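This briefing walks through selected packing features of the structure shown below. It is arranged by topic, so that each group of points can be checked against the coordinates in turn.

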Amino acid sequence: MNTTTIVTELGLDPAVDRHAEFAAELRTGLARVEEKLQEVLRSPGHPELTEAATHLVRAGGKRLRPVMALAGAAFGDGRGDPISAAALVELIHVATLYHDDVMDEAPMRHGVTSANSLWGNRKAVLIGDYVLACAARVGAGLGDYALRSQAQTFGRLVRGQFLETTGPFEDCGRHAPYEHHIQVMADKSASLIALAGRLGAQVSGADERTIETLGRYGELIGVAFQISDDVLDISASTTDLGKSAGTDLREGIVTLPMLHALDDEGPGAGRLREIIGHGPVSDPMIRQEALGLLRESAGVVRALAEAHGYAAKARDLALSLPDRPARALLVGLSAFVVDRGE
């Protein structure tokens, strides 16, 4: 995440001295996180493993989770190791990307060739496992709270992936598709963003109320962020995304904008039900047809309206936090995560 994004898009006014100071601290912190990621993933004597494990880190990314961790740390008293907390959550996130790309058979990630395309599925899974092992090592250095939180969050991440893979049929009953998808987003995306805010605050000595508020904020902003991602998978180009557009269609995953589009009336919705009802859309021509129908439907607009609703609740929580520059950043972030989908 570059300087312009941090200062301008995340709500830090450079004309306000304390905002400018915090923005500079944030940039320095993120640079240290990048160094920490490279350091932790280095495998001495095994250059191929080091190259593969740092492949997605070197490709860059939004670094939303480290930003959340460093923002959470700004509500503490300055003690602890927020850089390691930020690196920990990003390592878990990166590990899930390696595994996701294997499951999705994705050819690109962050604008570069995916690890599974470069080294094959078996090695890509092992690389993801190695990154998770590195994350566990970092977590062990942050104490029992970090280890417990890391384990709980990883359980939710796996549950979210499992529910997304199986669809809205669990146990002996049927979950409503809408409720099912919200649960998937909460587990697969929001849980790690929530962990970032909580852990950054906890290691830096913030009070319990602040830690809890940051966790709830992260859950809400995470769902808003994922809805925005679902919209982008439909509306954005492959170049803008840095990965293949229409991935959800190709994998047979029915997202929130799709659910809303399927509820429409008319021939477009009927054709979408016919296409999506057959599962994964592997034919590129039919996938492009479905993307066109989705872009013309009301599904994208309705999904973005819901994203704004989650973001507004997150904003209200951010405003309840102590008046520090990090609060302005969190307020700005609540707008940034949904504006990117428009």
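Predicted model: local features only at pLDDT ≥ 70, side-chain atom pairs only at ≥ 80, totals over all residues.

Axes here are lines fitted to C-alpha atoms, for helices over the stretch in contact, and angles run from 0 to 180 degrees between N-to-C directions.

**Packing of H11 and H16**
- Helix H11, which spans residues 208-235, packs with H16 at an angle of about 120°, and the two axes are 9 Å apart.
- Angles of 65 to 115 degrees count as roughly perpendicular and those over 145 as roughly antiparallel, so H11 is classed as oblique to H16.
- On the H11 side the contact is made by Asp233, Ile234 and Ser235, while H16 contributes Leu291, Leu294 and Arg295.
- By residue class, this contact of H11 with H16 comprises three nonpolar residues, one polar residue and two charged residues.

**The buried face of H15**
- Within helix H15 (residues 267-276), the residues Ala269, Leu272, Ile275 and Ile276 are buried.
- Viewed down the axis of H15, these buried residues fall within an arc of 120°, and they therefore line one face of the helix.
- The partners against which the buried residues of H15 pack are helix H13 (247-251), helix H14 (256-262) and helix H16 (284-296).

**The largest nonpolar core**
- The largest nonpolar core has 99 residues, and those with the most contacts inside it are Tyr217, Leu329 and Leu330.
- Helix H6 (residues 82-104) gives the most to this core, with 13 residues.
- Not counting residues up to four places away in sequence, Tyr217 touches Met68, Ala314, Leu317, Ala318, Leu330, Leu333 and Ser334.

- Tyr98 is found in helix H6, and because its relative accessibility is 1%, it counts as buried.
- Once neighbours within four places in sequence are left aside, the contacts of Tyr98 include Ala52, His55, Leu56, Ala124, Ile127 and Val131.
- Ala115 is also among the contacts of Tyr98; Tyr98 and Ala115 are 17 residues apart in sequence and 6.8 Å apart in space, C-alpha to C-alpha.
- Val338 lies in helix H18 (residues 325-339) and is buried, with a relative accessible area of 2%.
- Leaving out residues up to four places away in sequence, Val338 touches Ala224, Ser228, Leu304, Ala307, His308 and Ala311.
- Val338 and Leu157 are 181 residues apart in sequence, and their C-alpha atoms are 22 Å apart in space.

Terms used. Residues numbered from 1 in each chain as written. Heavy atoms only, no water. Buried < 20%, exposed > 50% of the residue type's maximum accessible area, 1.4 Å probe, protein only. Helix = DSSP H or I, 4+ residues; strand = E, 2+ residues; numbered from the N terminus. Arc of directions from axis to C-beta. Contact = heavy atoms within 4.5 Å. Core = buried A, V, L, I, M, F, W, Y, C linked by side-chain atoms within 4.5 Å. Parallel < 35°, antiparallel > 145°, perpendicular 65-115°, else oblique. Nonpolar A, V, L, I, M, F, W, Y, C, P; charged D, E, K, R; others polar.
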